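These are my notebook entries on one chain. I record what I looked up, entry by entry.

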Amino acid sequence: MSKLKLPASIKKPNFKNKRIIGLTIVVLAVLVGVGWMIFGDKVNKSNSKIYAQAAGHKIYEDEVRDLKGNNQEISNHDAAGVLADKYLSEELAKEQNITVSDQEIEAQWGKGIEKQKIENKYAYQNKVNQAYFNKLTANNRGIYKGKFLVAHFSRHVPYKSALLPEEKAADPKLGNSLAIAKDKKYAQDLITRLRDNINSGKITFEQAMKIEQNDPIVGKKVYPTLGHSGMFDTASEPFELIDINSIRQNGKLLQTGQTSGPFIVRASDSENGDSTAESYFVIINLDSASGGGAKTGFKQYIEEAKKRLEYNVYV
């Protein structure tokens, strides 16, 4: 039997071409879909009200609404400000090569911070911002890490307040210049001896810390509410016993690993904070020092940064 021949006008289907056409249609459909998603998002964003901006980021109404969640007590202004602070603090930290880890945030705010990340986004972001600003503040004034020894002698120094008569009745030596001078000499002799023993290798700095803490005249039993010898890191926590000016004047001149001579520190001796009195001796041993070269205070630095980075809250 002879094979049936197709007319010349009818060609066999080219399945290869069909596959190419099919793939082309699929690719075009994907591209159209992606384009619409991008374009649609731009349309939605353009129709959404801008609530704030900072460091090149525009903050839209839906972002503010998401941060607030179901908490109607949070105003749009506060929520927009928290988001603006987020972008501002992150940009400034990037400029200064500062990082804030999850571990640092947890150390500052506790383990419950992770739960807040889901249940209260506003509170979580606010605390993360604060962690950034704390580190930026520290870098502005100088970040110092190391060890310190302290020897208090303020137990008989009067603190001017409404309770002063009662305190004098409880401590007959309060305000007695001879008693204060005696404690001061003891504190100075102790901390000088500890420094000499450290430098000669008789004891380590850590052993000196323990000696001070257990001392019957300057230690924890006599001054239970005041700070005692230990480690310090001005980047992660406020440090009151070594004020920044004292570190700049004494510690920053040291090379890493060296131990300073004892220097005296004055503390507030009145309720309204208008006067100070000599209160304790301090020795420091610096592990590292950085920052502190800012030409302005932190408040002025932030105001200038807001202008430079076009920080604005519109609601």
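I note at the outset that the model is predicted.

Entry on helix H3. I looked up its extent and found residues 76-95. H3 has 20 residues and spans 29 Å between its first and last C-alpha, close to the 28 Å expected at 1.5 Å a residue.

Entry on the sheet. I read the strand order as E2-E1-E7, in an open sheet of three strands with antiparallel pairing. Strand E2 (57-60) and strand E7 (312-313) stand at the edges; each has a single partner strand, so one side of each lacks a neighbour in the sheet. I then examined the pairing of E1 (residues 50-54) with E2, which is antiparallel and runs over four bridges. Within this part of the sheet, I found Ala-54 opposite His-57 of E2. Helix H2 (residues 61-68) packs on the sheet and touches E1 and E2, its direction making about 65° with that of E2. I also placed H3 relative to the sheet: H3 lies across E1, E2 and E7, at about 25° to E1.

Entry on H3 and H6. I next asked how the two helices meet. Two packed helices are described by the angle between their axes and the distance between the axes. For H3 and H6 the axes come within 9 Å and cross at roughly 35°. I recorded the crossing of H3 past H6 as left-handed. Among the residues that make the contact are Val-82, Asp-85, Lys-86 and Ser-89 of H3, and Gln-125, Asn-129, Tyr-132 and Leu-136 of H6. By class, the residues of this contact divide into nine nonpolar, four polar and four charged.

Entry on Gln-125. Leaving aside neighbours within four places in sequence, I found Gln-125 in contact with Leu-67, Val-82 and Lys-86.

Entry on Ala-162. I traced Ala-162 to the loop between strand E3 (143-152) and helix H7 (164-170). Ala-162 counts as exposed because its relative accessibility is 61%, the cut-off being over 50%.

Technical notes. Residues are numbered from 1 along each chain as its sequence is written. This is a predicted model: local features need pLDDT of at least 70, side-chain atom pairs count only at pLDDT 80 or more; totals for chains, interfaces and linings use all residues. Side-chain values use heavy atoms; hydrogens and water are left out. Contact means heavy atoms within 4.5 Å. Two strands pair if DSSP finds at least two bridges between them. Helices (H or I, at least four residues) and strands (E, at least two) are DSSP runs, numbered from the N terminus. Axes are lines fitted to C-alpha atoms, for helices over the stretch in contact, and angles run from 0 to 180 degrees between N-to-C directions. Buried means under 20% relative accessible area, exposed over 50%, partly exposed in between (1.4 Å probe, protein chains only). The expected span of a helix is 1.5 Å times one less than its number of residues. A crossing is left-handed if the near helix is turned anticlockwise from the far one by less than a right angle, and right-handed if clockwise. Ala, Val, Leu, Ile, Met, Phe, Trp, Tyr, Cys and Pro count as nonpolar, Asp, Glu, Lys and Arg as charged, and the others, Gly among them, as polar.
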